[in-house]
Amino acid sequence: MYQFPKIMYGGDYNPDQWSESIWDEDIRLFKLANIDIVTLPVFSWAKLQPSEDSYNFGWLDKIMEKMASNNIKVCCATSTAAQPSWMSKKFPDVLPVDINGIKRKHGGRTNFCPNSKNYRKFSVRLATKLSERYKNNPSLLVWHIGNEYINICYCENCAKAFRKWLKQKYKNVEEVNKKWNMNFWGHTIYSWDEIDSVSNLTEMGRDTFSGHDRDITAFQGMALDYKRFMSDSVFECYLGEYNAIKKLTPNIPITTNLMGFFKPLNYQKWSKKMDIISLDNYPYPNEDSSIAALKHSLMRGLKNGEPFMFMEQSPSQVNWQPVNSLKKPGVMRLQSYQAIAHGSETVMFFQLRRSLGACEKLHGAVIDHVGHENTRVFRECSHLGKELTKLGDKISGSRIYSKVAILIDWENWWAVEYSSGLTIHLNYINQIEKYYKTIHNMNISVDIISLEDKFENYDVIISPVLYMIKENVSKLLESYVNNGGTFITTFFSGLVDENDLVTTKGYPGELRKLLGIWVEEIDAILPTENNTMLINEKLIGFKKSYTCNTICDILHLENAKALAEYGNDFYKGMPVLTKNQFGKGVAYYIASDPEEDFLKDFFTDLFSKIDIKTPFTADEGLEITQRKKGSKVYTFILNHNNTKSRISLDDKKYIDLLTDEEFSNEIIIDSKDVKILENKS
């Protein structure tokens, strides 16, 4: 685990967009704001390499020297997110083909084919030259490869690479036919060269009849493999640069900025070759604070709970949302501390100086177009910088420990939303958000884990909509529950294997034994309709009736007990909530999509029985987390409300690390304010 000297503070800086006369003034303002790390040069490939055989590092040498002499650290980017125009012109294989078969021209960013040999050659060469040149620079703290990878391609180079990828995975076409169920619609193949990119020219398409903007496919197994292949292909671009840099600077951590739940790229797989995870997050003005908390928890979970970098946020407004509102006073600070509260080791912005032109000229920045420190945003940024300097290294290296986890599988996400039938209103991430929000609002810490994490670290594991059951997953879950764990899953679980082939002999397939049920039918509910869940109060101690919708599994009990039943329709009286004792533990099945009040009452009842509780009780809208380092516990209290709110402490004495105030028994915290408490005793 990499540990920074303190919570680092700074962001993206683009000195190549400005004359050298501006640089010294920028550095003065950086120091005034207590900025101690800058990310550069993210989009400077064309300036660094003006032609195939020439490089220009002189300007970057100067800015690196200025940062070193001013004790400002550098997150050094490889600049490979946007190739120079000469490369696109001279080597057309660099340019991608979109899902409709149209060859792109030069422009934009991440506009390259991930299977272009020329792109990979030149990107690795530039990363090598940068690491050779700056490996001993005292300002170098972190390497930042590329930027927000989003590129997907369907060109002939990708088709060839896809066939090679499939040969390595399946060995022969007979196995491909089997895994993709190619007897359907007479699609049997007899040679590798019959396989093409999976695009809108082949088996993909757009949903034009439901009113929803989404990809659809006739062959889910084929589409899933192309997603796996393309995620791997983009990752290979990152990995080429990673390996080149690692040879020359083995002790400098390497990252690339991720974007929360970015569906096309399997971040759980990527994280294995990221020394530290980093996140870009730009919440909408009216977005619930639990959404950002979930993204932070995801980033922390990608590396087994290790701290991560908060690489990008806006100091105020952005430029790309439908309505680009300012962040009101206190909001930027609150969102920054929320990231730290969930495990971040940095607070960083895009951008440090506002651009003069192009699409990001109205995107917020620490230094506005007016060019001086006398702005509200600069004052707020400067205040936060002083606080982070005051914190020093107290928080750095501390970790969050949770008893509850939500299990997410990226490929399951792909499979759920590629599956044809039932309802277009089933959204995997929305289900994750719903369960996370309920527990988060109870101020109980939740980790986000993958199938490769250690289940035994948790008392409760929740996996909504676990549609795809990969090999041995059912055995892992059975072992976890048998040894005393509590497992919770929901409707639309256990239906298929990793190739989206249905597991026969009854839903929920490989989970049937663990859950003790058989699902006979699955009913999709119109958005205008609801069913009800009637609780058996003799078996579970909370409210009697709740609404549910979206999907209703019609199931039969095998070994499980019914804790609630449907109140309506022809399956009235059939189980909707079940509990199965399995060894030393229990497995719950929620057969429909319940209202949030049900989840709140269900988890309150469950957690009270197994002694999972919040550190302190507080008014609704107060967020509480704890980071621990050795014997030290740091309690973060964040008030997302628009009014003052109350938190009840115990009779111990606590000190707020930001203000040095002492507290015991209770705190009245101002709107949008933050407290970081350390036990004095």
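**Contacts and overall shape**

Author: Happy to! Among contacts in the chain (heavy atoms within 4.5 Å) between residues at least 6 apart in sequence, 72% join residues at least 24 apart. This is a predicted model, where local features need pLDDT of at least 70 and side-chain atom pairs count only at pLDDT 80 or more, while totals for chains, interfaces and linings use all residues. Residues are numbered from 1 along each chain as its sequence is written, and side-chain values use heavy atoms, without hydrogens and water.

Reader: Thanks! What radius of gyration does the chain have?

Author: It has 26 Å, which agrees with the value near 26 Å that a compact globule of 681 residues would have. The radius is taken over C-alpha atoms, and the globule rule is 2.2 Å times the number of residues to the power 0.38.

Reader: And what percentage of the residues is buried?

Author: Buried residues, meaning those under 20% relative accessible area with a 1.4 Å probe and protein chains only, make up 59% of the 681.

Reader: Switching topic: how many helices and strands are there?

Author: The chain has 17 helices and 30 strands. These are DSSP runs numbered from the N terminus: helices are H or I with at least four residues, strands E with at least two.

Reader: Which strands form the open sheet of five?

Author: The order is β24-β25-β30-β27-β28, with antiparallel pairing; two strands pair if DSSP finds at least two bridges between them. β24 (622-629) and β28 (662-663) are at the edges with a single partner strand each, so one side of each has no neighbour in the sheet.

Reader: How many bridges join β27 to β28?

Author: Two, and the strands run antiparallel. Tyr 654 has Phe 663 in β28 as its bridge partner.

Conventions: Buried means under 20% relative accessible area, exposed over 50%, partly exposed in between (1.4 Å probe, protein chains only).
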